[in-house]
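This report goes through a few local features of one structure, taking ring pairs, helix packing and backbone angles in turn. The sequence and the model are shown here for reference.

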Amino acid sequence: MFIRLRGSEQHYAWGSPTAIPELLGREADGRPLAELWFGAHPAAPSVLAGDEPTTLRDYLLTESRERLGGPVLARFGQYLPYLLKLIAPAEPLSLQVHPNLEQAKAGFAREEAAGIARDAPERLYKDPNHKPELLYALTEFTALCGFRTPRRALELVSGLGTALTDRLAAILTADPTAVGMREAVTLLLTPGQVTPEDVEAVVRACGQRQGARGGSVRIDRVVTQLGQAYPGDPGAVTALLLNPVTLYPGEAMFVPAGFPHAYLKGLGVELMANSDNTLRAGLTPKHVDPAGVLEIMDCVAAPPMRIAPEVFEGTRVFYAPVEDFQLSVTTLTPDSGTRDLTGHGPRIVLAVAGQARVRTRDSGPLELAQGEAVFVPADVGPVMADGEGDVVQAAVP
C-alpha cells in the first residue's frame, strides 16, 4: 500500500521561481518556490492525496505501530524522524547554524517557558529536536560550510588593506587556533563592532583582488556576490573564514550540528532530522540572533563532509552519521529491469528524474512521474521499482 503525498510549498524570497516547477513539469507562476517539503513536521506537513485530504502527521498518529514500525516508534515516538525536501536557492540563504539535540531541548523549553509564540519571528527553537542535514545535488550546487584552517583564513584576509581585515589578520596571527577563529567571528557578528562601511570596503577589496588575479580566488567572487545581495552585512566578510563548496550532480554533503553554513545556488534534495530549528547570523531579512549563533557554533576547522555512497546494484546509499535518516538514490533504466529499493521501516520515495513504477510483493505497480512522492508504511515490506530515471528514498537506518 502506497500513500501519495502532496508536498508543502515554501515560497521564501531566496527561492528560484523556475527550478522546482520545471522539475514538477508545470508552469512557473512567478513566485519564488524555495522548498517543497515531504514529511510530517507540524509547521508544514504533507497532505495525503484523496477525496478527504488529511496530513501525513495525522495519518501517523493512528495505527502508529504498523505505519511507523515498532523500532521507530520506540526510538522517536509517534513522529516520522526525518523531513525530505526539494530545495532551490537562486540567491544566497542566510548564514546559519543548527543545534544539537541537547541544545534544542534546552532552547525549546526556555522559549516555551518565556511564552514566545512558535510562529513568532524571533522564535529560535520551534521544536525540541536537532537538525543535522544531508544535501544531495541534482544540479551544480554551491555553498559555504564549516570553518577554514586559521592559517588559510589568515592568508585570505591579509593584504586586502582594509581596517576590518587588518583587525582579523591581527587576531588570527596572535592565535591561529579555533580560539582565535572564534574571536574573529565574534568580532564580525557582534552588533556594533562592524559598520556597513567596513563591510563595503572589504567587498570592494575582494572585487579588486578578483580582477587582478583573473577571478582565480573563488571566495572573492562569493564575497562580492554576498556584498551585492546584502549590502553592509558582516556575513559577507564572514565568508572569508568559511569553506566554499561546489557539489556536482550526484554528490552529497552532510552538515552536522554547530557547523556554520549558507547555501548559495542550485537545486538539490535535502534530508534532515524532523526539525525546523535554524539560528541565523546574517545574510537574511529574517530575524537574526548572533549571540545565539555564537553560543552553539563550532569554530574548529573542518573540511566540508562529503558523503561517499555505498553502491548496491544500481542504488547508491548515503549513510549519514545520525540515527534519524539515510538517503538512497536508485537509477532505473529499461535494461536494468526491476530493482529493489534499499531500506525498510517508514519510507518516502520521490522521483527526481524521468518516470518510475513502484510495487511491493502484494501490490501492483504505481506510476510516479518526476516530482511525485509516496509514503511507504513500515508494514508494507520491500519496495521494487522499474522505469527510466532516478528515485530517491528517505528511510531510517
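## Aromatic pairs

Rings of Phe, Tyr and Trp (its six-membered ring) are taken as a pair if their centres lie within 6.5 Å, and planes under 30 degrees apart count as stacked, over 60 as edge-to-face and the rest as tilted. By this rule the count comes to four aromatic pairs. In one of them, the ring centres of Tyr 12 and Trp 14 are 5.6 Å apart and the planes stand at 40 degrees, so this pair is tilted. Tyr 12 is partly exposed, at a relative accessible area of 21%, whereas Trp 14, at 12%, is buried (buried means under 20% relative accessible area, exposed over 50%, partly exposed in between, with a 1.4 Å probe and protein chains only).

The model is predicted, so that local features need pLDDT of at least 70 and side-chain atom pairs count only at pLDDT 80 or more, while totals for chains, interfaces and linings use all residues. Residues are numbered from 1 along each chain as its sequence is written, and side-chain values use heavy atoms, with hydrogens and water left out.

## Packing of helices 7 and 8

Helices (H or I, at least four residues) and strands (E, at least two) are DSSP runs numbered from the N terminus. Helix 7 (residues 163-174) packs against helix 8 (residues 178-189) at an angle of about 155 degrees, their axes being 8 Å apart; axes are lines fitted to C-alpha atoms, for helices over the stretch in contact, and angles run from 0 to 180 degrees between N-to-C directions. That makes helix 7 roughly antiparallel to helix 8 (under 35 degrees is roughly parallel, over 145 roughly antiparallel, 65 to 115 roughly perpendicular and the rest oblique).

The contact (heavy atoms within 4.5 Å) involves residues including Leu 164, Leu 168 and Ile 171 of helix 7 and Met 181, Ala 184 and Leu 187 of helix 8.

## Packing of helices 9 and 10

Helix 9 (residues 196-212) and helix 10 (residues 218-229) pack at about 140 degrees with axes 8 Å apart, and are therefore oblique to each other. Among the residues that meet are Val 203 and Arg 209 in helix 9 and Asp 220 and Val 223 in helix 10.

## Positive phi angles

Leu 283, in the loop between strand 14 (279-282) and helix 12 (290-296), has a phi near 60 degrees, a positive value in a residue other than glycine. Leu 283 is buried, with a relative accessible area of 1%.

Glu 313, in the loop between strand 16 (310-312) and strand 17 (315-318), also is not a glycine and has a positive phi of about 45 degrees. Glu 313 is exposed, with a relative accessible area of 71%.
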